[in-house]
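Welcome! Here is a short tour for anyone meeting this structure for the first time. Please have a look at it, and then read on.

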Amino acid sequence: MPAAPVIPILPNGIPALGLGTFPLRGDDATRAVAMALEIGLRHIDTAQMYANEADVAKALRASGIPREQVYVVTKVDPSNLSQSRFAASVARSVEDLGGPPDLLLIHWPPPDEDLDAVVGRLVEEKNKGMARAIGVSNFTPAMMRRAQTVAQGAIIANQVEFHPLLDQREVLKEARDLGITLTAYCPLARGKALQAELIRAMASAYGRPASEIVLRWILQQGVAAIPMTTKRGNALSNLNATGFELSGHDMTALSSLGTRGGRLVSPSWMNGRWD
Ligand SMILES: NC(=O)c1ccc[n+]([C@@H]2O[C@H](COP(=O)([O-])OP(=O)(O)OC[C@H]3O[C@@H](n4cnc5c(N)ncnc54)[C@H](OP(=O)(O)O)[C@@H]3O)[C@@H](O)[C@H]2O)c1
């Protein structure tokens with residue numbers, strides 16, 4: 001039996017590869033997380049919005065793997081960012097997860113709340129011991145910079161849409177400057193990246209599925225990836241992305257594919273706010 005692949009730990013302690021759990025709920029979520037843990041993944045992404053925190057926790061408990069060996073990320077829903085809802089929502093997440101998450105994120109920049117105040121509430125939760133570390137999600141470079149100032153350097157991660165069809169070079173540069181680790185959501189562009197001609201050509205040149213080329217391109221930039229899959233074969237293939245290198249030439253070629261219009265996920269309150 002081949003040895004389980006070693007998954008690198010990125011700066012700020014984030015395992016480079018994890019499992020996304022949206023839109024899985026109930027037994028589907030529990031089964032997918034159990035499968036991921038069984039094949040060696042140790043980073044699970046959930047959120048209040050996904051309504052599956054308790055389902056994720058069920059798989060964690062059943063696995064018998066000590067809780068401190070799994071990196072669990074959850075996110076505060078946009079509807080819970082106000083002073084009156086923030087702390088209570090985090091307490092519910094902690095209860096559903098069976099303990100504090102390793103990383104607690106603000107899921108989206110506040111639709112109608114003051115950013116500084118929301119980041120302040122996040123810091124307070126960390127200080128109370130309700131999260132081991134804190135971060136943000138879907139924050140632009142300017143928002144990341146502001147959050148890092150308000151949090152006095154405590155923001156360790158920004159989870160953003162990141163795949164070869166979307167140009168995220170500015171976010172990546174700013175994150176590196178601020179000591180923030182990026183996590184790529186929709187790392188496969190929900191399958192769309194697997195159809196790109198250049199990626200298909202590289203897949204055949206490397207003798208690997210297009211998904212491994214895409215995930216490797218992400219990991220090789222020091223960005224974590226959390227592809228969602230319910231299929232063991234796909235999850236095992238995704239793990240292979242930790243075990244090979246793309247040439248510098250191919251990295252550059254893939255990095256030139258992305259455009260600013262390549263975004264798949266953008267709620268209405270982000271209109272005009274991305275740049
Ligand atoms: N912070 C945010 O605002 C935000 C937004 C969106 C998503 N997320 C998080 O990011 C996670 C991942 O994003 P996503 O699920 O939207 O997109 P994704 O991971 O890019 O794509 C998921 C799709 O890829 C397929 N897939 C996975 N591995 C594959 C492989 N090796 N070969 C072929 N197909 C494969 C899956 O199907 P199969 O099940 O058939 O394998 C699934 O249909 C989510 O689950 C969620 O946890 C966060």
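This is a predicted model: local features need pLDDT of at least 70, side-chain atom pairs count only at pLDDT 80 or more; totals for chains, interfaces and linings use all residues.

Two strands are said to pair when DSSP finds at least two bridges between them.

- An open sheet is built from 8 strands in the order E3-E4-E5-E6-E7-E8-E9-E10, with parallel pairing.
- At its edges lie strand E3 (19-20) and strand E10 (224-225), each of which pairs on one side only.
- In general, the strands of a sheet pair through backbone hydrogen bonds, in either a parallel or an antiparallel way.

**Around strand E8**

- Strand E8 (residues 155-161) has 7 of its 7 residues buried, so the rest of the structure largely encloses it.
- Strand E7 (residues 133-137) pairs with E8 in the parallel sense over 3 bridges, and Ser137 stands opposite Gln159 in E8.
- To get from E7 to E8, the chain passes through helix H5 (residues 141-150), making a right-handed β-α-β crossover.
- Towards E9, Ala157 stands opposite Thr181.
- Here the chain crosses from E8 through helix H6 (residues 169-178) to E9, and this β-α-β crossover is right-handed.
- E9 is also joined to E10 by 2 bridges, again running parallel, with Ala184 opposite Ala225 in E10.

**Around strand E5**

- Strand E5 (71-76) is mostly covered, with 6 of its 6 residues buried.
- Which residues of E5 point one way and which the other way? Tyr71, Val73 and Lys75 point one way, while Val72, Thr74 and Val76 point the other way, and all are buried.
- E4 and E5 run parallel and are joined by 3 bridges; Asp45 has Val73 in E5 as its bridge partner.
- The chain goes from E4 through H2 to E5 in a right-handed β-α-β crossover.
- On to strand E6 (residues 103-106): 4 bridges join E5 to E6, which run parallel, and Thr74 stands opposite Leu104.
- A right-handed β-α-β unit is made by E5, H3 and E6.

**Helix H2**

- Helix H2 (residues 53-63) has Glu53, Asp55, Val56, Ala57, Ala59 and Leu60 buried.
- The buried residues of H2 pack against helix H1 (26-39), strand E4 (43-45), strand E5 and helix H3 (86-97).
- After H2 comes Gly64, which has a positive phi, near 75 degrees.

**The nonpolar core**

- The largest nonpolar core holds 77 residues, and Val33, Val214, Ile218 and Ala225 touch the most other members.
- Helix H8 (residues 210-219) supplies the largest share of this core, 7 residues.
- What does Val214 contact, leaving aside its neighbours within four places in sequence? The contacts of Val214 are His163, Pro164, Pro187, Leu188, Ala193 and Ile199.

**The ligand's surroundings**

- The ligand is surrounded by 26 residues, of which Gly20, Tyr185, Leu188, Met228 and Thr229 are the closest.
- Helix H9 (residues 232-239) gives the largest share of this shell, 3 residues.
- By type, the shell around the ligand divides into 10 nonpolar, 13 polar and 3 charged residues.

Technical notes:
Residues are numbered from 1 along each chain as its sequence is written. A nonpolar core is a set of buried Ala, Val, Leu, Ile, Met, Phe, Trp, Tyr and Cys residues joined through C-beta atoms within 7 Å. A residue is buried if 20 or more other C-beta atoms lie within 10 Å of its own, exposed if 12 or fewer, and partly exposed in between; C-beta atoms are placed from the backbone. Two residues are in contact if their C-beta atoms, placed from the backbone, lie within 7 Å. A residue is near a molecule or strand if its C-beta atom, placed from the backbone, lies within 6 Å of it. Ala, Val, Leu, Ile, Met, Phe, Trp, Tyr, Cys and Pro count as nonpolar, Asp, Glu, Lys and Arg as charged, and the others, Gly among them, as polar. A crossover is right-handed if, with the strands pointing away from the viewer, the path from the first strand over the helix to the second runs clockwise.
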